[in-house]
Amino acid sequence: MKHLRESALPGIPTMENLFHLADHRDESFARRCVWISGPVIVGAGPSGLATAALLRDQGVPFVVLEKTDCIASLWQKRTYDRLKLHLPKQFCQLPKLPFPEDFPEYPTKRQFIDYLEAYARRFDINPQFKECVQSARYDETSGLWRVRTVSTAGGSRVEVEYICRWLIVATGENAECVTPDLEGLAEFGGDVMHACEYKSGEKFAEKKVLVVGCGNSGMEVSLDLCNHNASPAMVVRDSVHVLPREVLGKSTFELAVLLMKWFPLWLVDNLLLILAWLVIGNVEKYGLKRPSVGPMELKNTKGKTPVLDIGALAKIRSGRIKVVPGIKKFSHSQVELVNGEKHDVDSVILATGYRSNVPSWLKESEFFSKDGLPKSPFPNGWKGNSGLYAVGFTRRGLSGASSDAIKIAQDIGKEWKEEMGQKKTSTPTHRRCISQF
């Protein structure tokens, strides 16, 4: 075993504590144990990158663990080709690096990925790719987090246990697809995919496609199918707010943010709905019933984002996109709706959203709820107990993630500098405390 010096810094593990961790290991698990002197960040999406960059700025070492082979895997691997940012770029940039001036107001998917890759290079963020976290739990005896992973980098399977004082959960609200249990879908026989697998409507030309879901993804997929000469029908089971993306050349979201500085939320919502009615008219006659709660209040309380229309509504008005009610059941090449109608269908695309995967690996129940989101609402959902943090769970998009990242980096940075000030020692970013066991 490699020698590990005992630390005199408060809160830093002693050799005795680390050997205690090793002695109480699960024999079926790790072959390596790695001590991290700073935090472990789980997830290399925009939230994880923003936090890492700000920690770098504070002089705090860190390790980023990412289960895929790239940063921002949601954007790189699970989004459709036509995707653009729904909000103006100033609301989507990460801390300390604005978008290039020549980028359009609504950057494309490729431009956003290029921006994130430049961000990682700028702040020297080098995640441990293909490292999937199996579990993370707090060890009360040592006062440390134990993060167990399986690494498949290099083609071989290596099990690793990271030991650290701080754990930052940056896997986000959209870590895994939500696939509903629909009666008869197994007998349908046609193509069925989640929207995360959808890239373009090109292969659906001349086909009848049922799009299940009417959020931003469902609307955009339906629009893209139309543009590729498919015949989409969009399932609208619940109420939905549809707003114009812009009002008089001004971003609707930017306008809402401006209004909320001066007026209460209920009044802002009423103003937005009046403007929406003036710009896009009454959408309820097309089967798009509005919720009783206003769009901004619904987003803040339930995390349900209003649809920002970029052309789908015109296709609905023209009949190119059909709006249909909920699904009763599927049969071979057909769907029966709750109103009794039956439609022939060639393919089904499930635009049914995403959810957090935190409950599957984080062994903790005080800070996170069973649905994988912090129990405390924004702006207090970024910090738990025992060095546990969450970034990117605000239901407020990239601006909310940036807000979390700033608080987390400042909090850890302050503690780190206080400890370093008590004893001036040079500690490696990480070292293997038990090389083989």
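Start by selecting residues 327–331 and 334–337: these are strands E17 and E18, which pair in the antiparallel sense over four bridges. Together E17 and E18 form a hairpin, with two residues between them. Zoom in on the turn and pick Ser-333, which has a positive phi of about 60°. Now click Ser-331, and look across to Gln-334 in E18, which stands opposite.

Before going further, keep in mind that this is a predicted model.

Zoom out and show the whole protein chain. You'll be looking at ten helices and 23 strands. The chain has 437 residues, and buried ones make up 50% of them.

Next, select residues 46–58, which is helix H2. How many residues of H2 are buried? Ten of the 13 are, so to speak, under cover: H2 is mostly covered. Among the buried ones are Pro-46, Gly-48, Leu-49 and Leu-55. From its first C-alpha to its last, H2 reaches 18 Å, close to the 18 Å expected at 1.5 Å a residue. Step just past the end of H2 to Gly-59, which takes a positive phi of about 80°.

Now for something on the outside. Select Leu-258, Trp-262, Phe-263, Leu-271, Ile-274, Trp-277, Leu-278 and Val-279: they form a nonpolar patch on the surface, with about 880 Å² of accessible area together. Colour helix H7 (residues 265–280) too, as H7 gives the most to this patch, with five residues. Click on Leu-278, which lies in H7. Is Leu-278 buried or exposed? Leu-278 counts as exposed because its relative accessible area is 57%, and the cut-off for exposed is over 50%.

Last stop: Lys-363. You'll find Lys-363 in the loop between strand E21 (354–355) and strand E22 (388–390). Its relative accessibility is 48%, so Lys-363 counts as partly exposed. Which residues does Lys-363 touch, leaving aside those up to four places away in sequence? Select Ser-135, Ala-136 and Arg-137 to see them.

Methods. Residues numbered from 1 in each chain as written. Predicted model: local features only at pLDDT ≥ 70, side-chain atom pairs only at ≥ 80, totals over all residues. Heavy atoms only, no water. Expected span 1.5 Å × (residues − 1). Buried < 20%, exposed > 50% of the residue type's maximum accessible area, 1.4 Å probe, protein only. Patch = residues over 30% accessible without salt bridge, like charges linked within 9 Å, V, L, I, M, F, W, Y side chains within 5 Å. Areas by Shrake-Rupley, 256 points an atom, 1.4 Å probe, with all protein chains shown as cover. Salt bridge = Lys/Arg side-chain N within 4 Å of Asp/Glu carboxyl O. Contact = heavy atoms within 4.5 Å. Pairing = 2+ DSSP bridges.
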